[in-house]
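Open the model in your viewer and keep the selection tool ready. We will go stop by stop.

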Amino acid sequence: MASFALTSSSLSFSSLPCLKSRSLSHLRSTSQNPLPSRPNLSKLSAVSPLLPKLSKSSVTSTTRRISNFAVKASSASSAPTSIAPASPPWKGAAMKPLLASIATGVILWFVPVPSGVTKPAWQLLAIFLATIVGIITQPLPLGAVALMGLGASVLTKTLPFSAAFSAFGDPIPWLIALAFFFARGFIKTGLGNRIAYQFVSVFGSSSLGLGYSLVFSEALLAPAIPSVSARAGGIFLPLVKSLCVACGSNVGDGTEHKLGSWLMLTCFQTSVISSSMFLTAMAANPLSATLTFNTIQQTIGWTDWAKAAIVPGLISLIVVPLILYLIYPPTVKSSPDAPKLAREKLEKMGPMTTNEIIMAGTLFLTVGLWIFGGMLNVDAVTAAILGLSVLLITGVVTWKECLAESVAWDTLTWFAALIAMAGYLNKYGLVSWFSQTVVKFVGGLGLSWQLSFGILVLLYFYSHYFFASGAAHIGAMFTAFLSVASALGTPPYFGAMVLAFLSNLMGGLTHYGIGSAPIFYGANYVPLAKWWGYGFLISVVNIIIWLGVGGVWWKAIGLW
C-alpha cells in the first residue's frame, strides 16, 4: 500500500499515516467480506486539508484503485487452498547405480568359466567386480556397498562367513581407523592448528610452497617409518586437515577446492612415490627383495634400492604436485599476508595447553615405536593402539568421540571387505591363472626383451585395480612376471628393481590400492570419480618418469 503514488502530487501513502492506517483497516475488513463495498468518498475527503492540491477526480481515481486492489485481495483470501502433503524424500539406494552394479555381477556370473579357472574363483570375481562398480557409482555409502558384496559372497556359498569377514582381523584396516582417531585428537586439542600455523608462517605465502613443504617432509620420514599407512594417517592426515581448516577450506560447505582438494590429492600421490624410494619406506618392499632373491638369487640392498630410485623419485616428487596444481588447482594460489596472519594466530594461542602437550608426547611415542618397533618387536598397529590408549586414559580423546568418527568405521568396513575378496581371488587360483595367461601371451609375441618387458610392466601395473593391498599383489604376481621377464632376455636385476618400484607407484590408481589411499580419500575433499581419474593420469606420468628418466639413470649406474 505504501508504494502507491498519488497522481496529482509527489506524496506517497507512506507519508500519510492516516491514509496508511485507514487503507490497512479497510483491507482487513474486506478480507472478512467476500464482496466489499466501495470506500466512502466522504471519508477520504476528511483528509482534504492535508491534500490541498488533490482534485476530486484524483481522489476518486485513487479510491477506485484502492477498491479494485481490495477486491483482488478479498478474492485471493477467500479462495480455497489445498496443499498436497509433501512426500518424504527417498533415503534408500540410488537405483540406477545399484542396478548397474547388480547387472555387472549377474552378467559375469553366467559367462562361461574359462579353462583353468575354478567355478568359485569365477563367481567371486563376479561379486568382486560388482562391488567395485558399486564403490565407483556409490548407490549407497562405500561401507554399505562392501558389506552387501560380502553378504552376496556368503549367500551364494562362494565364501564361508569366516573367510568373507577374515580381513577384519587384518592389522591394516585397523591402523587406518586408528589414524582417524589420532586425527580427532590432533585437531581437538589445537595441536594441529598450532603446527599448521607454523607451516603457514614459513611456507604459506603460496599454496604450492605449502604443498612442497609437506611433500618433502613426508619423503624425509619415509625411510624411518616403514608403514605408509602410519605416516599418512598418524602424522600427515591430521596435519593436512588442520592446514585446510586453518586456510578456510572445509568439507561440505563448498570451500573444498580452496586448498583441501589439491592438497589431499597431492599428499596422497606423493606418498606412493616416497614409498617407492626406499627399501624401508613400505612394509611390502622387503617382500619384493625376498622374492627377488628366491627367483634370481640376487640381493637388493638398502643402498642399492635408494641409489636406483633417488633420481626418478625426486623428479616425480617435483613434477607430480606441479601437474596436479595445473590440472586440479586450488582456488587460492597465493596469500602474501598468510604468514603474518599465522604468526598473529600463534600469538593468540599462547603457550601449549596440557592436552596439546599430552597429544604431542603421544605422537612422539607412537612415531618412535614405528621407527624402532622392529627392534622391540612392536608392529605399527600395536604402537597405534598404545598411543590411542594414552589419549583415552588422559581424556584427550573420548571413546564416544571415536564412535562418532563415522568415516573411520566406514573405511574399516569397505577396506576390509575388499582385502578379503581380493585375497581369496588369489587363494582360489584366479591370479595365478591370469599371470600364466599373460606370460604365455607375451612370450609368444616374439618381441625384443625391451618391448616384451614394457608389456609385462603395463599388465603388472594396471592389474592392481583388482588388488586392495600391495603385499597381496606382490605375493601373487611378482615372481611369475620376474621369471618371464628374465626368460625373455630382460636383465634379471634390472627387471626386479623396476617391478619393485612399480609395486609402490601402482598404489596411486585407486582409493583402496595402498594403505595411504583410504586415509586421504576418507577426508572427503576429493570426489571418487576425480580420485580415480587423476590417479590414472598421474600413473602415466610416473611410468614415463621412472621408465624414461629412470631408465637413463639406471643405464648410467650400470643396472642394465
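The tour visits a pocket and then some helix pairs.

**Before you start**

This is a predicted model, in which local features need pLDDT of at least 70, side-chain atom pairs count only at pLDDT 80 or more, and totals for chains, interfaces and linings use all residues. Residues are numbered from 1 along each chain as its sequence is written, and side-chain values use heavy atoms, with hydrogens and water left out.

**Stop 1: the largest pocket**

Select Asp-170, Pro-171, Ile-172, Ser-469 and Ala-471. Of the 38 residues lining the largest pocket, these lie nearest its centre. A pocket here is an open set of points on a 1 Å grid over the protein atoms alone, where a 1.4 Å probe fits, with protein on both sides within 12 Å along at least five of seven lines; lining residues have an atom within 4 Å of a point. The volume of the largest pocket is about 720 Å³, counted as the space filled by probe spheres set on the points.

Which helix gives the most to this lining? Select α19 (406-427). It supplies eight residues. Helices are DSSP runs (H or I, at least four residues), numbered from the N terminus. Others that supply at least two residues each include α8 (171-188), α16 (354-376) and α22 (470-487).

Now colour the lining by class. Ala, Val, Leu, Ile, Met, Phe, Trp, Tyr, Cys and Pro count as nonpolar, Asp, Glu, Lys and Arg as charged, and the others, Gly among them, as polar.

**Stop 2: α8 and α16**

Stay with two of the lining helices. The axes of α8 and α16 come within 11 Å and cross at roughly 155 degrees. Axes are lines fitted to C-alpha atoms, for helices over the stretch in contact, and angles run from 0 to 180 degrees between N-to-C directions. The two helices are therefore roughly antiparallel (angles over 145 degrees). Select Leu-175, Phe-182, Gly-185 and Phe-186 in α8; they meet Met-359, Thr-362, Leu-363, Thr-366 and Trp-370 in α16. Contact means heavy atoms within 4.5 Å. This contact has six nonpolar, three polar and no charged residues.

**Stop 3: α13 and α22**

Select α13 (residues 285-296) with α22. Their axes are 10 Å apart, at an angle of about 30 degrees. Among the α13 residues that meet α22 are Leu-287 and Leu-291. The contact divides into seven nonpolar, seven polar and no charged residues.

Methods:
Parallel < 35°, antiparallel > 145°, perpendicular 65-115°, else oblique.
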